[in-house]
Amino acid sequence: MTLGQEFHLIKDRVIIHFTENNGMAFGLELGGEAGKLTLSLFRILAIFAIAYGLFYMIRNKYHRGLILNVSLIFAGAMGNIIDSAFYGVIFSESTWYNKAQLFPAEGGYSSFLHGKVVDMFYFPIINGNFPDWLPIWGGQDFTFFRPVFNLADAAISVGVILILLGQKRYFKEEIPETSNLHNEIVEE
């Protein structure tokens with residue numbers, strides 16, 4: 001696909017829209033090549049930290065739901081770093097007019113850890129205008145859900161949301177047994 005090319009799966013509500021993300025979520029990025037390398041190295045460190053945390057949770061028999069949700073976050077982070085690390089090495093650059101070529105003779109458009117991340121899912125569920133009386137955004141167009149994302153982004157988001165929703169089950173506070181405390185007081 002060329003940049004911006006899209007296929008409408010369910011009218012104008014479920015769309016496969018090809019775009020490339022230079023940096024972090026929602027198109028944010030750190031400036032230049034040094035910023036891209038810094039972001040990639042940070043992602044790798046985060047993956048190692050999440051992997052260590054998963055190992056620790058499994059070894060210490062944390063709640064299975066928490067382990068599965070952190071695994072979703074880990075898988076999403078791995079997917080994005082693999083895309084960022086290798087996409088630029090094995091593909092030519094995508095443009096609005098030309099499709100990227102796999103393993104081009106002249107090499108990829110970027111070096112290891114400097115590639116872009118491909119995003120493709122777009123769900124513009126509600127389109128409308130903000131009311132004119134609203135400060136700052138009055139009269140402007142809005143779309144809910146505007147971000148274009150990939151499966152790795154979805155895994156990270158679902159993992160985080162499920163941890164937030166299940167935190168009471170996952171992080172139960174252990175209350176000391178009052179009977180032992182009572183026995184110690186009575187014996188004194």
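This report describes the sheet, the helix packing and some backbone details of a predicted model.

Residues are numbered from 1 along each chain as its sequence is written. Because the model is predicted, local features need pLDDT of at least 70 and side-chain atom pairs count only at pLDDT 80 or more, while totals for chains, interfaces and linings use all residues, and side-chain values rest on heavy atoms, with hydrogens and water left out.

**The sheet**

An open sheet is formed by 4 strands in the order β1-β2-β3-β6, with antiparallel pairing; strands here are DSSP runs of E with at least two residues, helices are runs of H or I with at least four, both numbered from the N terminus, and two strands pair if DSSP finds at least two bridges between them. At the edges lie β1 (6–10) and β6 (148–149), each of which pairs on one side only. Helix α2 (residues 64–90) packs on this sheet and touches β2 (14–21) and β3, where contact means heavy atoms within 4.5 Å; the direction of α2 makes about 130° with that of β3.

| Strand pair | Bridges |
|---|---|
| β1 and β2 | 4 bridges |
| β2 and β3 | 5 bridges |
| β3 and β6 | 2 bridges |

Within these pairs, E6 stands opposite H17 in β2, E20 stands opposite V118 in β3, and Y122 has V148 in β6 as its bridge partner. The hairpin of β1 and β2 has 3 residues between the strands, and in this hairpin K11 takes a positive phi near 45°.

**The helix pair**

The axes of α2 and helix α3 (residues 151–170) come within 8 Å and cross at roughly 160°, the axes being lines fitted to C-alpha atoms over the stretch in contact and the angles running from 0 to 180 degrees between N-to-C directions. The two helices are therefore roughly antiparallel, a term that applies to angles over 145 degrees. Residues that meet across this contact include L66, V70 and I73 in α2 and I156, V160 and I163 in α3.

**Loops and backbone**

In the loop between α1 (32–59) and α2, K61 has a positive phi of about 55° although K61 is not a glycine, and K61 counts as exposed because its relative accessibility is 72%, exposed meaning over 50% relative accessible area (1.4 Å probe, protein chains only). F103, in the loop between α2 and β3, likewise has a positive phi, near 50°, and is exposed at 59% relative accessibility. A cis peptide bond with omega of about 25° joins F144 and F145, and F145 is found in the loop between β5 (141–144) and β6.

Key: Angles under 35 degrees count as roughly parallel, over 145 as roughly antiparallel, 65 to 115 as roughly perpendicular and the rest as oblique. Buried means under 20% relative accessible area, exposed over 50%, partly exposed in between (1.4 Å probe, protein chains only).
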